[in-house]
Amino acid sequence: MLTPLNNLVADFISLLFPEDCLACHELLARGETTICTDCRVNLPYTNSHLLTGAKSELLSRFYNKVPVKHALAYLTFTRSGRVQQLLHALKYNGHEEVGEILGNWYGADLKEYQYQEQFDLIVPVPLHKKKLRKRGYNQSDSFAKGLAQVLDTHWQPNVLERLADTSTQTKKTRLERWQNVGQLFSVIQPEMVKNQRILLVDDVMTTGATLEACALVLLDAKAAAVSVAAIAAA
């Protein structure tokens, strides 16, 4: 418990070194960390976990391509919006904690609707080793870890391997995205995949080409089912 002296010291440190919300860049109030209360309330939530079957636009992205059981995304991505600011902080400014926080929050939403009963293992889309060394962490893995903590589901960051370091998917057509990720992933721990219901996690879902490629190799490795989830959907 914080004593009055500790409170005074904390206030003094906050005065000298004020922290901004990573979504809106306004100063955080006392007791807030990383993302302010206003942003948490007003982030553009997709509520995709409430939509199933034909009602799910995200699931329709995978029709006739790969049999995905659930397609989920926590937030809606818009350029220059709060979600883009959070993803930029997560991917490029060293704020790995953003992924874990969002994973915890989304995990709580999913748990409310018993999604924890749908998954045996949570697996992130991997980074290439060169990019992982440069960044120091996998942003999709931090989200996967946050989900696993709340859903009380097994989490394994080293099931998949990215075989080549491809160029960014931004501004590519769907065909170009497929060409960019074709034959790009492999399962390096097939014994962990066999007969498991897997939740495959990425940071952003656009056309779904990367998730499709990963889902296909997981199913080839005898996964019982594959669902996908992302921090944000564009």
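Trainee: Where does His154 sit?
Mentor: His154 is in strand E3. Helices (H or I, at least four residues) and strands (E, at least two) are DSSP runs, numbered from the N terminus.

Trainee: Before we go on, what kind of model is this?
Mentor: It's a predicted model, where local features need pLDDT of at least 70 and side-chain atom pairs count only at pLDDT 80 or more, while totals for chains, interfaces and linings use all residues. Residues are numbered from 1 along each chain as its sequence is written, and side-chain values use heavy atoms, with hydrogens and water left out.

Trainee: OK, back to His154. Buried or exposed?
Mentor: His154 is exposed, at 62% relative accessibility. The labels go like this: buried is under 20% relative accessible area, exposed is over 50%, and partly exposed is in between (1.4 Å probe, protein chains only).

Trainee: And what does His154 touch?
Mentor: Leaving out residues up to four places away in sequence, His154 touches Asp120, Leu121 and Ile122. Touching, or contact, means heavy atoms within 4.5 Å. His154 and Ile122 are 32 residues apart along the chain, with their C-alpha atoms separated by 6.2 Å.

Trainee: How many helices and strands does the chain have?
Mentor: The chain comes to 10 helices and seven strands. It has 234 residues, and 45% of them count as buried.

Trainee: What share of the contacts join residues at least 24 apart?
Mentor: That's 76%, counted among contacts between residues at least 6 apart in sequence.

Trainee: Switching to helices: how do the axes of H5 and H7 cross?
Mentor: The axes of H5 (residues 97-112) and H7 (residues 139-151) come within 7 Å and cross at roughly 40°. Axes here are lines fitted to C-alpha atoms, for helices over the stretch in contact, and angles run from 0 to 180 degrees between N-to-C directions.

Trainee: Which handedness does the crossing of H5 and H7 have?
Mentor: H5 passes H7 in a right-handed crossing. A crossing is right-handed if the near helix is turned clockwise from the far one by less than a right angle, and left-handed if anticlockwise.

Trainee: Which residues make the contact between H5 and H7?
Mentor: On H5 they include Gly99, Leu102, Gly103, Tyr106 and Lys111, and on H7 they include Phe143, Gly146, Leu147, Val150 and Leu151. By class, the contact has eight nonpolar, seven polar and three charged residues. Ala, Val, Leu, Ile, Met, Phe, Trp, Tyr, Cys and Pro count as nonpolar, Asp, Glu, Lys and Arg as charged, and the others, Gly among them, as polar.

Trainee: Lys111 is in that contact; what does Lys111 touch?
Mentor: Lys111, in helix H5, touches Gln116, Val150 and Leu151, not counting residues up to four places away in sequence. At 39% relative accessibility, Lys111 counts as partly exposed. Lys111 and Asp152 are 41 residues apart in sequence and 9.4 Å apart in space, C-alpha to C-alpha.

Trainee: What sort of phi does Asp152 have?
Mentor: Asp152 has a positive phi of about 55° although it is not a glycine. Asp152 lies in the loop between H7 and E3 (154-155) and is exposed, with a relative accessible area of 68%.

Trainee: Now H4. Which residues of H4 are buried?
Mentor: In H4 (residues 82-92) they are Val83, Leu86, Leu87, Ala89 and Leu90. Seen down the axis, they fall within an arc of 160°, so they line one face of the helix. The arc is that of the directions from the helix axis to the C-beta atoms.

Trainee: What covers the buried residues of H4?
Mentor: The cover includes E1 (68-76), H5, H7, E6 (197-205) and E7 (225-233).

Trainee: Last one: is Ala230 buried or exposed?
Mentor: Ala230, found in E7, is buried, with a relative accessible area of 0%. Among the residues Ala230 touches, not counting those up to four places away in sequence, are Leu72, Tyr74, Phe143 and Val204. The C-alpha atoms of Ala230 and Phe143 are separated by 8.4 Å, with the two residues 87 apart along the chain.
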